[in-house]
Amino acid sequence: MKFGVITFPGSNCDADMIYVLESLFNQKVERLWHKDTDLKGVDFVILPGGFSYGDYLRSGAIANYSPIMTEVVKHAEKGGYVMGICNGFQILCESKLLPGTLLHNNNQKFICKNIHLKADNNASIVNAHIDTKQALKIPIAHGEGRYFASEETIAELNANNQIIFRYCDENGDITEESNPNGSLENIAGVCNAGKNVFGMMPHPERAADAELGNVDGALIFESILGLIKA
Amino acid sequence: MKFRAEIDIMPLKALLDPQGKAVTSSLKNLNLSEIENVRIGKHISLEIEATDKATASLKVEEACKKLLANQLMESYEFELIEA
């Protein structure tokens with residue numbers, strides 16, 4: 001299993017992601033640059049958080065036309081794994097690899113804090129090994145994270161188990177108060193119909209190292225690695 | 001021929017526009033309570049070389065659809081002016 005982490009101009013969570021995969025989980029990681037036209041044989045591509053192209057025009061809109069994205073789309077279409085965290089999720093929505101879009105938070109604020117989320121199901125590799133009753137404490141840091149899609153799309157996502165995580169309170173209850181940004185149905189992350197492309201706004205890579213006092217995010221990496229090894 | 005496109009991109013009417021909402025309430029603080037429903041979008045101006053207006057219009061349309069607007073959240077309209 002080889003991971004690839006793409007750095008776009010303005011990515012700022014790439015180093016954290018590489019650290020978690022290499023140092024905490026002992027995985028092989030290729031550093032990919034947005035101008036690369038080759039994924040260097042990686043199995044699992046990660047688009048990290050940050051502010052690619054300064055969020056100009058719309059978050060993720062310009063990064064979507066970076067040269068490497070042509071290869072990412074091909075990889076995804078062949079069934080290869082792709083995951084976007086925060087800005088990476090925004091890029092994947094712009095590329096249409098994932099349904100829906102991410103609007104300005106309903107309170108018009110950039111929100112940087114720990115929130116709780118829980119796995120909605122165990123249908124994909126990112127949540128397969130996570131207890132659906134457990135509330136995971138993971139930080140968010142975004143201004144545009146309000147997940148939105150048409151009513152039909154939301155119905156399809158629900159029917160196909162494509163909602164991977166939902167915001168909840170610390171007891172695991174999905175409530176309006178625990179929805180930090182106004183996302184439809186408390187959606188914190190989704191996947192495509194093929195369950196090989198994933199996006200989530202919260203940052204599991206910022207909650208994986210015990211030195212940082214919170215390791216709930218590590219469960220997501222363990223789920224990914226657990227299922228692939230199995 | 002050279003044309004200039006003046007493009008307006010607006011958040012879809014059905015969606016909450018938090019910027020517009022914040023500005024509406026700020027205007028109320030200025031005793032301009034008559035003003036309502038502020039919505040904030042963006043204006044993009046660009047120049048385009050094309051054989052005729054119809055070709056220019058097709059190209060601008062393509063630019064809007066592919067990059068300038070995200071039709072899941074925004075609508076766009078534009079005017080083409082001979083530069």
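Predicted model: local features only at pLDDT ≥ 70, side-chain atom pairs only at ≥ 80, totals over all residues.
Local features need pLDDT of at least 70 and side-chain atom pairs count only at pLDDT 80 or more, while totals for chains, interfaces and linings use all residues. Residues are numbered from 1 along each chain as its sequence is written, and chains are lettered from A in the order in which they are written.

Q: What makes A:Cys86, A:His203 and A:Glu205 an "active site" here?
A: The label comes from the UniProt annotation, an unreviewed entry, which covers these three residues. UniProt positions are given in the numbering used here, feature names are shortened, and annotations may be inferred rather than shown by experiment. The residues span 120 residues in sequence, yet no two of their C-alpha atoms are more than 11.1 Å apart, so they gather at one spot.

Q: Why is A:Cys86 called buried?
A: A residue is buried if 20 or more other C-beta atoms lie within 10 Å of its own, exposed if 12 or fewer, and partly exposed in between, with C-beta atoms placed from the backbone. A:Cys86 has 30 other C-beta atoms within 10 Å, so it is buried.

Q: Why does A:His203 count as buried?
A: The same test applies. A:His203 has 22 C-beta neighbours inside 10 Å, and therefore counts as buried. In chain A, buried residues make up 53% of the 230 residues.

Q: Where do A:Cys86 and A:His203 sit in the chain?
A: Helices (H or I, at least four residues) and strands (E, at least two) are DSSP runs, numbered from the N terminus. A:Cys86 is in the loop between strand 4 (81-85) and helix 3 (87-94) of chain A. A:His203 is in the loop between strand 11 (197-200) and helix 5 (218-229) of chain A.

Q: How do you know which residues A:Cys86 is in contact with?
A: Two residues are in contact if their C-beta atoms, placed from the backbone, lie within 7 Å. Leaving aside neighbours within four places in sequence, the contacts of A:Cys86 are A:Cys13, A:Gly49, A:Ala141, A:His142, A:Met201 and A:His203. By the same rule, A:His203 touches residues including A:Cys13, A:Gly49, A:Cys86 and A:Ala141.

Q: What makes strand 2 and strand 7 of chain A edge strands?
A: Two strands pair if DSSP finds at least two bridges between them. The open sheet of 9 strands in chain A has the order 2-1-3-4-11-10-9-6-7, with mixed pairing. Strand 2 (28-33) and strand 7 (136-142) each have a single partner strand, so one side of each is left without a neighbour in the sheet.

Q: How do you know that strand 6 and strand 7 of chain A pair?
A: Strand 6 (residues 111-119) and strand 7 of chain A are joined by 7 bridges in the antiparallel sense, against a requirement of at least two. A:His116 stands opposite A:Lys137 in strand 7, and A:Cys112 stands opposite A:Ala141.

Q: What makes chain A agree with a compact globule?
A: The radius of gyration is taken over C-alpha atoms, and the globule rule is 2.2 Å times the number of residues to the power 0.38. With 230 residues the rule gives a value near 17 Å; chain A has 16 Å, which agrees.

Q: How is the side of chain B that touches chain A divided into nonpolar, polar and charged?
A: In the model, 9 residues of chain B are in contact with 12 residues of chain A. Helix 1 (residues 18-29) of chain B gives the largest share of the chain B side, 3 residues. Ala, Val, Leu, Ile, Met, Phe, Trp, Tyr, Cys and Pro count as nonpolar, Asp, Glu, Lys and Arg as charged, and the others, Gly among them, as polar. The chain B side divides into 7 nonpolar, 2 polar and no charged.

Q: What is the order of the strands in the open sheet of chain B?
A: Its 3 strands have the order 2-1-3, with antiparallel pairing. Strand 2 (42-49) and strand 3 (74-82) of chain B are the edge strands, as each pairs on one side only.
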